[in-house]
Amino acid sequence: MLRSWRMKLKLLLATVTLAVLLSWLYLFVGSLEYGRFLLLPACLGEQPSRDVEREALASRVRRVEEENQQLRMQLGQVQAEGSNGSPQWGTSAEDGDPPGGERSNRTACLKQRTVHKCELLHIAIVCAGHNASRDVVTLVKSILFHRKNPLHFHFITDSVAHQILQTLFQSWMVPSVHVSFYNADDLKAGTCTPFALTQLGCVTLQPEVSWIPNKHYSGIYGLMKLTLTKALPSNLSKVIVLDTDITFATDIAELWAVFGKFSDKQVIGLVENQSDWYLGNLWKNHKPWPALGRGFNTGVILLLLDRLRRLGWEQMWRLTAERELMSMLSTSLADQDIFNAVIKQDPALVYRLPCFWNVQLSDHTRSEQCYTEVSDLKVIHWNSPKKLRVKNKHVEFFRNLYLTFLEYDGNLLRRELFGCASLPHPPSDQLQQALEELDEDDPCYDFRRQHLTQHRVHLFFLQYEFLALPSPTDVTLVAQLSMDRLQMLEAICKHWAGPISLALYMSDAEAQQFLRYAQASEVLSARRNVAYHIVYKEGQFYPINLLRNVALTNTQTPYVFLTDIDFLPMYGLYDYLRNSIQQLELPRRKAALIVPAFETLHYRLTFPKSKAELLSMLDMGSLYTFRYHVWPKGHAPTDYAKWRTATVPYRVAWQPDFEPYVVVRRDCPKYDQRFVGFGWNKVSHIMELDAQEYELLVLPNAFMIHMPHAPSFDISKFRLSAGYRGCLQTLREEFHQDLSRRYGAAALKYLTAERSL
């Protein structure tokens, strides 16, 4: 049916084209014949009547117009049959025609201007909260994938999205991409500071729109686009505004070029709404805000900011909103309702974007009439609360396109733009210089290269409830993991009720698998005090100390419990540690509390509920002191014999290769990131704690148990490669030298102890 309709449509289009060509040929030949008719009387000395001339030409024009009109009527009937009487957004009007059938006051000679390959394009996005910060990454990937121009992203954010996105872009280090942040939160007077990688001033935007009642799920942030003339820099003349649930299927420069088609009066570029929402016929007593026809969707907007400011945009939309709220009481579609009410009042403001610049996949969409081929698609807009679960007969194709960018390796987007000078980026420049200074003939080149690798970091990947005022004795469990340790998460959450900070080393695709796993887990989805920070994979070694530092740095509590993901803490350890911190008056002293470590070789274990049960299992051989059979030096200084009978904390001395799991203040030394893969990653940290004169105190009634798992890839390399072990020794010696430079003669004991072994 669809194929026959297309063939019929193509046949009629060809017929119209042929008719037009024949008509003009007919007129041309006829004019030659008419010229000869006029020439004969002239040769005879007679002058033809001008009335005869006009009548002959008019007759021919009328016949041609009648034929063309009949063909257009037939074509219109076929289109109506194919679309069941619904409008054709892709073909019904000339691009840029203003509403109401009025033509642009520009001439037909106006063509879409080209965008210079190095022209800086500006993109504004409102983004608030954890979920939107995660969604916007897919949008950014789709833009970066297709782009050929330098880009400047302007993010209007709350404090959560600001922290997440600023860290992400700083660690992403994409060439020729500039990022600025603008504060949407309502701050107290005098406390406003710029959210920006560049200092662009500070305006609190929330009060500008907080007076507008909004029923839309986007909340107050769904109204922020109204404030862009005030929020964005005064010297910024135009900007593309996007929702976070947008996916680009083409170069955004094509959309930027449409600014060149605006008339002198047009200031806003929008795509017509592709549902019947503003027609008011979706259900009984449905009363939408006023709009021009179907209205317009604000998921994709072209704004001429300089013209809007001259028109007094702020006062314009405020007055319109105040007037309509008298009867409507609240907005249903956030800023979209107010934009449409303004356009209804002054239709000349809007430039009609072709529908393929915003293919809307809402619940009641008619977007199928916007495209016939995949190549027609430019922008896909998931503007239903159901997002990827929305009903659409082509949704599988759209979903696959979205998932392609969702799981696309963001590291591949760090490509330079050919022929364009990169924007200044000091951290990137310093990193490049450090990489150039590496000696590729160095046997340990791969280790040094991994140390300098800049990993993308996405903080707070899932919803996290920040503590308003942490207790002075509160403690966060800190750990790191990769995809093969996900099964430990639920067990740890059952054993530890307090806050947790985890760094997860994953690819883009694995991060999405983790997201689905966490959302499907009753245990994990019920927790809001577990912070998941994604560190994206790059390089051949596991950057274990970088991961630990990411998890450590992003804790909120005064104290941290530094552990590994394959340990289960004893039940009640969270409360026990808080009590110990208070009883030992840790805020007044520099101390590291040691939690003794044990292990089981059984995958199924009846976990001991007390120290007495643990000692019994230890005596029966179902538990062991940690690594006693392969690496006794790592935990022997804990003095397990003394721990068996201890009732109060006791102090132990540092010894070479000691690597206990400790509770320390959050401002403790960071882990040394030169140590990657297996070996010396915790040993070096404990050594630095000792160099800073931390007391090492063993807790008498605390314990943790290591659960068995397959050996990691890095430990296998350590065991099999003499070169690996040699490089680790080189890194140890360099660490000792650095420690001596920082702590002087006090650090010499570590080198002496190492050599004595």
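**Group meeting talk: helix contacts in a predicted model**

Let's start with two helices. Asp-135, Thr-138, Lys-141, Ser-142, Phe-145 and His-146 in H3 meet Tyr-402, Phe-405 and Leu-406 in H11. Sort those residues by class, and the contact of H3 with H11 has four nonpolar, three polar and two charged residues. Keep in mind that this is a predicted model.

How do the two helices lie? H3 covers residues 129-146, and H11 covers residues 395-406. Their axes come within 8 Å and cross at roughly 90°. Angles of 65 to 115 degrees count as roughly perpendicular. So H3 and H11 are roughly perpendicular to each other.

Now a second pair, H9 and H10. Their axes are 9 Å apart, and the helices pack at an angle of about 100°. That makes H9 roughly perpendicular to H10. Who makes the contact? From H9 come Trp-313, Met-316, Trp-317, Thr-320, Ala-321, Arg-323 and Glu-324. From H10 come Ile-338, Phe-339, Ala-341, Val-342 and Gln-345. By class, that contact of H9 with H10 has eight nonpolar, two polar and two charged residues.

Stay with H10 for a moment. This helix runs over residues 335-345. Is H10 mostly covered or mostly open? Mostly covered: nine of its eleven residues are buried. Here they are: Asp-335, Gln-336, Asp-337, Ile-338, Phe-339, Asn-340, Ala-341, Val-342 and Ile-343. What covers them? The cover includes helix H9, at 313-328. It also includes three strands: E6 at 268-272, E7 at 296-304 and E8 at 350-353.

Next, a single residue. Ser-180 is found in strand E3, which spans residues 177-183. Why do we call Ser-180 buried? Buried means under 20% relative accessible area. Ser-180 has a relative accessible area of 0%, so it is buried. Its side chain also has a partner. The side chain of Ser-180 makes a polar contact with the side chain of His-152, at 2.9 Å.

Last, the whole protein. It has 757 residues, and buried residues make up 53% of them. The secondary structure comes to 24 helices and 23 strands.

To recap the helices: H3 is roughly perpendicular to H11, and H9 is roughly perpendicular to H10. That's my talk.

Notes. Residues numbered from 1 in each chain as written. Predicted model: local features only at pLDDT ≥ 70, side-chain atom pairs only at ≥ 80, totals over all residues. Heavy atoms only, no water. Helix = DSSP H or I, 4+ residues; strand = E, 2+ residues; numbered from the N terminus. Buried < 20%, exposed > 50% of the residue type's maximum accessible area, 1.4 Å probe, protein only. Polar contact = N/O pair within 3.5 Å; in protein donor to acceptor, adjacent residues only side chain to side chain. Axes fitted to C-alpha atoms, helices over the stretch in contact; angles between N-to-C directions. Parallel < 35°, antiparallel > 145°, perpendicular 65-115°, else oblique. Contact = heavy atoms within 4.5 Å. Nonpolar A, V, L, I, M, F, W, Y, C, P; charged D, E, K, R; others polar.
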